[in-house]
Amino acid sequence: MTETPAPAPAPAVALLVASNSGRSSLAQAVQAFGYRVVFNALPAQVQPAQLGAVMTDLWLLDMAEESPLVDWLLEHSPVPLLFGAGEIPPPQHEDHVRWQRRLFGKLCALLGEPAVLPSLPSAPVQPPQTHCCVWLLGASLGGPAAVKRFLDALPAQLPIAFVYAQHIDAGFEQQLPRILGRENAWHIRNCVEGSQLQPGEVLVAPISQTLSFGPQGQLQMHDRPWPGAYQPAIESLLDELAVAFAPSCGAIIFSGMGEDGVEACGRMRRQGMEIWTQSAASAACATMPQAVRQAGYSSREGSPEELAVAMRQWLEQERPLAG
């Protein structure tokens, strides 16, 4: 009789958290997500030499970054470091669910999804005051031309706003609004802390700062790098949009190299949100949209112009214009 192999252990997380309340909240959340907590200590009670003996898949740190422990991990750790989980709202506060979902998205991006997905409560839906829906436009190589074609073919008077995540050198970030805004009426802008997306706007995601959204959709800028290899990280931004705007959000993955965002696209599709991809024939580089399609997460594909027509039709069906 053939024995069934034992399932692989869940990914391991090691915690270094400066406050006792934070340690407890993070340990409970990580375990509820289906991961293992293999180390959980106050930084003041740990010496750098002890860290090398910890067998973990990720370090979750919430402590002063000017620390010998952080220096040691940055130099020697073979696994990723996730700095900060953000301010932890009290369990009874409505923002606690958003905090949980944001943390879960970050852990999934670095560790992969646990074998058994947790049943996370839905965040209270508090759309921005404009009540428009928000979609992410994700792109890399060949992206600016593809996204411009899409915007040129789409009227700017529709009840939708976009967040544009383009893998690009930081020196070109400020130029993207001018490049994309020629020959169309979309208001394309770079990020401003505390502002809110309005219908008819395209927000260019920052390269050197991470971006999240407050309870009313306001922009929140953070002086820390994006996790992973890509700047900005489409994977992280998709999770942020789902936390802030679900179910009134979706994504289009345009031309590009790599597979940034594939797993987050899957998470959004499992929540019933739309994921569209640029067709290979119309893309300068089809690797990124093809990765999403091959994973089974694309609900529609087409050229930028075809996707613009589909967007107009989808908005007419899902969010008819008032009057």
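The protein chain of this predicted model exposes about 14,800 Å², of which carbon and sulfur atoms supply 52%. Of its 323 residues, 53% count as buried. Among contacts in the protein chain with a separation of 6 or more, 67% are accounted for by residues 24 or more positions apart. The secondary structure of the chain comes to 10 helices and 13 strands.

An open sheet is formed by 7 of the strands, with parallel pairing and the order β7-β8-β6-β5-β11-β12-β13. Strands β7 (187-190) and β13 (300-302) stand at the edges; each has a single partner strand, so one side of each is left without a neighbour in the sheet. With direction ignored, neighbouring strands of this sheet are turned by 20° against each other on average.

Within this order, strand β11 (residues 249-253) and strand β12 (residues 274-278) run parallel and are joined by 4 bridges. Ala251 stands opposite Ile275 in β12.

Two helices pack on the sheet, as listed below.

| Helix | Residues | Strands touched | Angle with the direction of β12 |
|---|---|---|---|
| α8 | residues 262-270 | β11 and β12 | about 140° |
| α9 | residues 287-294 | β5 (133-139), β11, β12 and β13 | about 135° |

Note on methods. Residues numbered from 1 in each chain as written. Predicted model: local features only at pLDDT ≥ 70, side-chain atom pairs only at ≥ 80, totals over all residues. Heavy atoms only, no water. Buried < 20%, exposed > 50% of the residue type's maximum accessible area, 1.4 Å probe, protein only. Contact = heavy atoms within 4.5 Å. Areas by Shrake-Rupley, 256 points an atom, 1.4 Å probe, with all protein chains shown as cover. Pairing = 2+ DSSP bridges. Axes fitted to C-alpha atoms, helices over the stretch in contact; angles between N-to-C directions.
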